[in-house]
Amino acid sequence: MSQSVYPVPEKWAEEALIDDARYQRMYRASVEDPEGFWREEAKRLDWMKPFTQVKETSFHEADFGIRWFADGTLNLSANCLDRHLAERGDTVAILWEPDHPSDQERRITYRELHEQVCRFANVLKSRGIGKGDRVTIYLPMVPEAAVAMLACARIGAIHSIVFAGFSPDALAGRIEDCDSRIVLTADEGRRGGKTVPLKANVDAALARVPDVETVIVLAHTGADVPLVEGRDIDWNTALANQPADCEPVEMSAEDPLFILYTSGSTGKPKGVLHTTGGYAVWASMTHEYVFDYRPGEIFWCAADVGWITGHTYVVYGPLMNGGTTVMFEGVPNYPDASRVWQVVDKFQVDTFYGAPTALRALMAEGDEWVAKTSRKSLRLLGSVGEPINPEAWEWYYRVVGEERCPIVDTWWQTETGGAMITPLPGATALKPGSAARPMFGVQPLLLDSDGKVLEGASEGSLVIADSWPGQMRSVWGDHERFFQTYFTTYRGYYFSGDGCRRDKDGYYWITGRIDDVINVSGHRMGTAEIESALVAHRKVAEAAVVGMPHSVKGQGIYAYVTTNVEVQPDEALQAELIKWVRQEIGPIATPDVIHFTPALPKTRSGKIMRRILRKIAENDTSSLGDTSTLADPAVVDHLLSSRPMAG
Ligand code: PRX
């Protein structure tokens, strides 16, 4: 733990939207009088019909339910676009930076974006898509991804974005789960100089889910991709002759806005469902306060729209706030390790918000890549997705921000919709590695293993005591699973799945997942998901996957594999299994280590002792704990002597 504390710079305390006194006052109001607080905050949106009810929520089984602003109506696309037209129609809404720096950037104003969204909404309507229909989006980081999202929101269709790095199988599972009849994709994506065969992946996925009626294909790289007669249509051909206006549909605040699949402790990813009104208030409010955002500033959230961070802080938050948002197609170290900072200079970015894994990778390349760039436009930095280690934090602060820019380390989840525990730059003294204090309306508690609430400085499971507007509302198609997953571990509380420590100043330090979820390069992976991919291979009998410390990725993937008896495990099989998992899930799930073993350590009742597997993966073998309950303690000796080197 780092001992350093960085006080709020005077200029920030004076000029920021929220200073410490205001934070304290607003926080108190938000938990003592949530109705009044949120009634006021919800005024940031244009409502079609004003709400009268604010908060109707309970985490208890008897009257379980989460509803915010339920009798109000609004349209999120209108809140992101139409209402800005009069005042800032010619302001750039999206600044797009291509994968390769010599390709042309794109600048799309609010007026242009509005027109594109309306036209595309009309395309969707012409394909029979309307309110409540699910639209799967499998696009690279191009402005059309935002156009597609906003077009769905405009007509009340529910978007389900699948990260363009996922495999055909993973895509098929997600299309099937939400039963979408339409897929939006591109010929190819580009990332770090490589192309990704998106249309080919869609074709492969649809071989498994034949019910899809329409595929709209954006010509992005210009690759020659075959279109299936009657099913596929070129994006621009579809747009031709569509009118440039489209009335936004009046949506109830609790109508679904989007589904986003995320990994949990079980094998199957869950469709996290967010609804309209509460999510919109949360995204807009957190974007404004956490980043002290003022219209006119250039805001760059370097996440892909395939993740929640991209939904909330590339698209919805900044656009609701009339901002200029940067969309970057590429990767931080391509063509070289200066790229991110060159883009900052090129667009005169005010706020940069990225993941620790990227910072660690850039830090490893050396300071000279940063020093070559000016970065004078930067005023604020942000971090998200995984715990940031104090070394990376200090590097970000000193080398990137030249000790001028506060860092907001924002803890949150796909499920929470937006930032939950975070410093506010004008209010919170910073401690490297700590996400600091709760956002308005967020009541974090730490519980011990018996579910007892811990007071003061302590460490335990992080739960949230009461609902906030941006909270997910359900698991698509399985409301019971929603309740079971989040509200039964500790009755009456939302369980985050994270461990956390609170220090004497009330600062929160997230220690990482305490369930069977690992965080690889800021990407959330269920160990069970990788295990089911491994056992689907015909040579594998059993697999157990755990996280291992990794200097750049945060956590790496360590897979214990037992092969079928007739199979001889060797290097070739190792390579084959790695390739297999990449195909089954996608490159983000690539195992770092495959550890072949004739058996896994199990209790006499047959339960795999993951604690031991984690320790061995961490190379922390001095404290394996009690192994006497194992059915065959010799398994552990074998595992210790056969531990492979990290790949
Ligand atoms: O373990 C926490 C970690 O990422 C998990 C949520 O992952 P996901 O749903 O993919 O959303 C990521 C982007 C919001 C959390 O349970 N996490 C996220 N932000 C932080 C973090 N861990 C520590 N510090 C953070 N700032």
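User: Which helix and which strands each supply at least two residues of the shell around the ligand?

Analyst: This is a predicted model. Helix 12 (308-320) does so, together with strand 19 (380-384), strand 20 (407-410), strand 25 (494-502) and strand 26 (508-513). The ligand is surrounded by 23 residues. The closest are Pro 387, Gln 413, Thr 414, Ile 510 and Arg 524.

User: How do the residues of that shell divide into nonpolar, polar and charged?

Analyst: Eleven are polar, seven are nonpolar and five are charged.

User: Why is Arg 375 called buried?

Analyst: A residue is buried if 20 or more other C-beta atoms lie within 10 Å of its own. Arg 375 has 21 such atoms within 10 Å, so Arg 375 is buried. Its place is the loop between helix 15 and strand 19.

User: What makes Ala 436 count as buried?

Analyst: The cut-off is again 20 or more. Ala 436 has 22 C-beta neighbours inside 10 Å and therefore counts as buried. Ala 436 sits in the loop between strand 20 and strand 21 (444-447). Although Ala 436 is not a glycine, its phi is positive, about 70 degrees.

User: Why does Ala 528 count as partly exposed?

Analyst: Partly exposed residues fall in between the buried limit of 20 or more and the exposed limit of 12 or fewer. Ala 528 has 19 C-beta neighbours inside 10 Å, so Ala 528 counts as partly exposed. Ala 528 belongs to helix 18 (residues 527-535). Not counting residues up to four places away in sequence, Ala 528 touches Ser 265, Thr 266, Gly 267 and Asp 516. Ala 528 and Pro 438 are 90 residues apart in sequence, and their C-alpha atoms are 31 Å apart in space.

User: And why does Ala 371 count as partly exposed?

Analyst: The exposed class ends at 12 or fewer. Ala 371 has 13 C-beta neighbours inside 10 Å and so counts as partly exposed. Ala 371 is part of helix 15. From Ala 371 to Arg 107 there are 264 residues in sequence and 27 Å in space, C-alpha to C-alpha.

User: How do you know that helix 6 and helix 7 are in contact, and which residues make the contact?

Analyst: Two residues are in contact if their C-beta atoms lie within 7 Å. The axes of helix 6 (residues 110-126) and helix 7 (residues 143-155) come within 8 Å and cross at roughly 65 degrees. The crossing is right-handed. Helix 6 brings Gln 116, Val 117, Phe 120, Ala 121, Leu 124 and Lys 125 to the contact, and helix 7 brings Val 147, Ala 148, Leu 150, Ala 151, Arg 154 and Ile 155. By class, nine of these residues are nonpolar, one is polar and two are charged.

User: What describes the crossing of helix 18 and helix 19 (residues 571-584)?

Analyst: Two packed helices are described by the angle between their axes and the distance between the axes. For helix 18 and helix 19, the axes come within 9 Å and cross at roughly 120 degrees, and the crossing is right-handed. Ile 530, Ala 533 and Leu 534 of helix 18 meet Leu 577, Val 581 and Glu 584 of helix 19. The contact has five nonpolar residues, no polar residues and one charged residue.

User: Which residues of helix 13 (residues 339-347) are buried, and what covers them?

Analyst: The buried residues are Arg 339, Val 340, Trp 341, Val 343 and Val 344. Their cover includes strand 4 (92-97), strand 17 (324-328), strand 18 (351-354), helix 14 (356-365) and helix 15 (368-371). Gln 348 follows helix 13 and has a positive phi near 55 degrees.

User: What kind of peptide bond joins Tyr 334 and Pro 335?

Analyst: The bond is cis, with omega about -5 degrees. Pro 335 lies in the loop between strand 17 and helix 13.

How values were computed. Residues numbered from 1 in each chain as written. Predicted model: local features only at pLDDT ≥ 70, side-chain atom pairs only at ≥ 80, totals over all residues. Near = placed C-beta within 6 Å. Helix = DSSP H or I, 4+ residues; strand = E, 2+ residues; numbered from the N terminus. Nonpolar A, V, L, I, M, F, W, Y, C, P; charged D, E, K, R; others polar. Axes fitted to C-alpha atoms, helices over the stretch in contact; angles between N-to-C directions. Left-handed = near helix turned anticlockwise from the far one by under 90°.
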